[in-house]
Amino acid sequence: MGKEYIDFDPAKEYPQGDDLFYECLSCHVELPSNPSENLCCKCFNVFYDMDEGKFSVQDTKKIALFRQ
């Protein structure tokens, strides 16, 4: 099964779900949208803060959401 990319507005919210993943378009690292620990991509564009329960993205033009 391939990736099904989903449009979303990062200015509003970052959808989360067990079948949803984020991809950093700079370093091509894929991150689960519902992680159980702090995560970041290789280039630090995408970061998930477990304490705050939210994603932070430096360049929102370089992130994609997909279902797998």
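Cys41 is buried, its relative accessible area being 2%, where buried stands for under 20% relative accessible area, exposed for over 50% and partly exposed for what lies in between, computed with a 1.4 Å probe on protein chains only. The sulfur of Cys41 lies 3.7 Å from the closest cysteine sulfur, which belongs to Cys43, and this is too far for a bond. With a relative accessibility of 33%, Cys40 counts as partly exposed.

## Basis of the model

The model is predicted, so that local features need pLDDT of at least 70 and side-chain atom pairs count only at pLDDT 80 or more, whereas totals for chains, interfaces and linings use all residues. Residues are numbered from 1 along each chain as its sequence is written, and side-chain values use heavy atoms, with hydrogens and water left out.

The mean pLDDT of the protein chain is 95, and 99% of its residues reach 70 or more; pLDDT is the predictor's confidence in each residue, on a scale from 0 to 100. Strands (E, at least two residues) and helices (H or I, at least four) are DSSP runs numbered from the N terminus.

## The nonpolar core

The largest nonpolar core has 15 residues, of which Tyr14, Tyr22, Cys41, Val46, Phe55 and Ile63 touch the most other members. Such a core is a set of buried Ala, Val, Leu, Ile, Met, Phe, Trp, Tyr and Cys residues joined through side-chain atoms within 4.5 Å. Two or more residues come from each of E2, strand E5 (46-49), E6 and strand E7 (63-67), and E2 gives the most, with three residues.

Leaving aside residues up to four places away in sequence, Val46 touches Cys24, Leu31, Leu39, Cys40, Cys41, Phe55, Ser56, Val57 and Ile63, contact meaning heavy atoms within 4.5 Å.

Four strands form an open sheet in the order E1-E7-E2-E3, with antiparallel pairing; two strands pair if DSSP finds at least two bridges between them. Strand E1 (4-6) and strand E3 (30-32) are at the edges with a single partner strand each, so one side of each has no neighbour in the sheet. On average, and with direction ignored, neighbouring strands of this sheet are turned by 40° against each other. E1 and E7 pair in the antiparallel sense over three bridges, and Glu4 stands opposite Arg67 in E7.

A further open sheet has three strands in the order E4-E5-E6, again with antiparallel pairing, and its edge strands, E4 and E6, each pair on one side only. The antiparallel pairing of E5 and E6 runs over four bridges, and Asp49 stands opposite Lys54 in E6.

## Lys42 in its loop

Lys42 is found in the loop between strand E4 (39-40) and E5, and at 69% relative accessibility Lys42 counts as exposed. When residues up to four places away in sequence are not counted, Lys42 touches Cys27 and Val29. Although Lys42 and Val29 are 13 residues apart along the chain, their C-alpha atoms are separated by 6.9 Å.

Definitions and conventions:
Disulfide = S-S within 2.5 Å. Axes fitted to C-alpha atoms, helices over the stretch in contact; angles between N-to-C directions.
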